[in-house]
Amino acid sequence: MRLTLAAALLLTAVSPAAAQALHQYAGLALAPAGDRIAAVESSGTHGVVTVRSATDGRMLRTIDPCATCSYSGLTFAPNGDLVFLIRDSAAGNVRLSYADAKTTRTIATIAGIAQTPRVSPDGTRIALLVTLGAAKESGATQAGVRMIGEIGEKSDEQRLAVFDIAKAAATVTPLSPSGRYVYEYDWMPDGRGFVATTALGNGDNNWWVATLDAIDAQTGAVRSIAKPTTQINQPRVSPDGRTVAYIGGLMSDFGSIGGDVFTVGVAGGTPRNVTAGAKSTVTTIAWTRAGLRTVTLAGDQLQFGTLVPGQPVAPGFAKPASAAAGDGRAVFSADGRIAAAAIQDYEHAPAIYAGPLGSDRQGVRQITHDNDAAPALAAARSISWKNEGYDVQGWLLAPRIAPTGKAPMITIVHGGPSAASTPAYLNPASLNAALVKAGYYVFLPNPRGSYGQGQAFTAANKRDFGGGDLRDVLAGVDAVERVAPVDDKRLGLGGCSYGGFMAMWANTQTNRFKGIVAGAGLSNWVSYYGTNGIDQWLLPFFGKSMYDDIKAYEDVSAIYHAKTAKTPTFIYVGERDIEVPPTQSIEWWHALKNQNVPVSLVIYPDAGHCVTGPEQSADVRQRAIAWFDTYVKNAK
């Protein structure tokens, strides 16, 4: 199930009008020399490719060859030229583009979708992940295709293709074999092949059984390197070509990246955990000429640092913030000395930070100021508490002007469960901002199962969904009430995806919350197993399939405890959600109706997971605020 930072989808989706006021930085790439930063920047609906100085943020160049297209996949060639993708939705294609100092030209046109271009070490070729004739967007969170005809006989294939930079390609012929979905890859330093994470069959469903493989750059032949016992992300090859590093851990889905760092020989072998026992979560790795560089979440701190196997990560930058930049959370120069990222927190809108890691005098610092005037819409603080032997952390958002007397509070549980709530600017159109403006405190806990406290903490809710993690959430509410004027008689609960499950499940376990909003939640893990599009994700968490251990799935299903549910609930879901089908919401709506519990269900047409389209998400926010106002703010 795509249970990653799904709560953030509910909280941060913005309307076009709101987006115009905020300057956005997406897809950051850092030149190998560390002197220039490329990004897709916008203050409205259309973004342009920009190149800035990594020293002071000065704009050096703007590239915008198609005013009706979108840009992505920015990456620098070894010589400093820029490669990126141009998506022309009207034409139904993606153009692989190459920009030197003066011109921009097309290398290949892909009839379908494409992502992750990477230039070969010698600068002569570009590799690209292509999905020819794609029936849907890449990823299980995207709206699924209509379930008609013979089911399960055909699915999109994402394959690896290679193009010559010197001349335009007349056709697109994938290199990797048919039937194998390629998720991520990295060039070998000699350019003769790739390391990749791949799986046979349906790409949305089989990432949980993906293997680490080598792909020959001439023949496309696949050789197994390792079959890890964890989910894997970001394979990176050492500069000498002898070793692969990757992030491995318990992850809810591809793209929800967090775990320990493992290494294994390119020739094959047993992966070795080189950060075992760390009380933090690695979210990004890069293998530079000076060694491994990482981005780490340690409690409430975002850290960029240097990793020496067997030693704690040495952070060269630490801040209570979050980052999103291109292929991961930060990008690094080829020599590992310079880092860059788009940094934000709850009170500060995104800005590009860049600079040298380590003890250099200036270090990583803010170099853009487009959003400096964006107002802080809430006061944020990190909250820590202990529960059942665990150190737990979360975030409390409060109105900028303190309410008179005690105020109501809404607890929002993030998706995942392998994910975390991390500081993200409160855009005025977000639900969090609307709640704070309406006089609510907002609590964002990171209970066991979350990132940020190490792998043992992330794995602590295996076969215990809604158990220890719910107790952590309730203990966190107690911790908040000890430090903030929160009215315990006016508490609400919300979340989407895994947060939606927690919202449904909590209704059967406690009467502490007066109103609930459940987005794309799971009410019945038994029926869910047989109807969702990604059943493989359940195996790392439950250990066995539902057919082999049905009681484990029944035990954590709200539907089996529906008689105890009393809390009024607003439910919403996308019609074409393949991660959590709308039938899960219909089952819970029906159960609450049967119990005469106030309930409302909205199924949004053609929407995917967590309903992220601007107009539909605005409707979700309006309904959620109205629901909380009725049953929480005005609770008696």
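1. Let's start with a helix and its surroundings. The residues that cover the buried side of helix α10 come from several places, including α6 (498–509), α7 (525–531), β35 (569–574) and β36 (599–604). Helices here are DSSP runs of H or I with at least four residues, strands are runs of E with at least two, and both are numbered from the N terminus. "Buried" stands for under 20% relative accessible area, "exposed" for over 50%, and "partly exposed" for what lies in between (1.4 Å probe, protein chains only).

2. Before going on, a word about what you are looking at. This is a predicted model, in which local features need pLDDT of at least 70 and side-chain atom pairs count only at pLDDT 80 or more, while totals for chains, interfaces and linings use all residues. Residues are numbered from 1 along each chain as its sequence is written, and side-chain values use heavy atoms, with hydrogens and water left out.

3. Back to α10 itself. This helix runs over residues 583–594, so it has 12 residues, and from first C-alpha to last it reaches 16 Å, close to the 16 Å expected at 1.5 Å a residue (the expected span is 1.5 Å times one less than the number of residues). Which residues of α10 are buried? They are Q584, S585, W588, A591 and L592. Looking down the axis of α10, you would find these buried residues within an arc of 125 degrees, so they line one face of the helix; the arc is that of the directions from the helix axis to the C-beta atoms. H590 and N594, on the other side of α10, are exposed. Just past the helix, N596 has a positive phi of about 60 degrees.

4. Now step back to the whole chain. Its secondary structure comes to 11 helices and 36 strands. A compact globule of 636 residues would have a radius of gyration near 26 Å, and the 24 Å of this chain agrees with that. The radius is taken over C-alpha atoms, and the globule rule is 2.2 Å times the number of residues to the power 0.38. Along the principal axes, the C-alpha atoms fill a box of roughly 70 × 55 × 50 Å. Of the 636 residues, 59% count as buried.

5. Contacts tell you how the chain comes together. A contact means heavy atoms within 4.5 Å. Among contacts in the chain with a separation of 6 or more, 59% are between residues 24 or more positions apart.

6. How many disulfides does the chain have? The count comes to 2 disulfides, taking a disulfide as a pair of cysteine sulfur atoms within 2.5 Å. If the term is new to you, a disulfide is a covalent bond between the sulfur atoms of two cysteines. Counting bonded cysteines along the chain, the pattern is 1-2, 3-4.

7. Take the pair C66 and C69. Their sulfur atoms are 2.0 Å apart, and the link is right-handed, with 55 degrees about the S-S bond. Both C66 and C69 are buried.

8. The other pair is C496 and C610, joined with an S to S distance of 2.0 Å. With -115 degrees about the S-S bond, this link is left-handed. It ties together distant parts of the chain: C496 lies in strand β33 (residues 486–496) and C610 in the loop between β36 and α11 (614–633), 114 residues apart. C496 counts as buried because its relative accessibility is 0%, and C610 is buried with a relative accessible area of 2%.

9. S176 is worth a visit. You will find S176 in the loop between β11 (159–164) and β12 (180–187). Is S176 buried or exposed? At 0% relative accessibility, S176 counts as buried. Beyond its neighbours within four places in sequence, S176 is in contact with R159, L160, V182, I215 and G220. The C-alpha atoms of S176 and R159 are 5.7 Å apart, although the two residues are separated by 17 residues along the chain.

10. S421 sits between β31 (407–413) and α3 (431–437) and is buried, at 12% relative accessibility. Leaving out neighbours within four places in sequence, S421 is in contact with Y346, W395, H414, L444, P445 and N446. A484 is in the loop between α5 (468–483) and β33. This residue is buried too, with a relative accessible area of 11%. Not counting residues up to four places away in sequence, A484 touches L396 and Y441.
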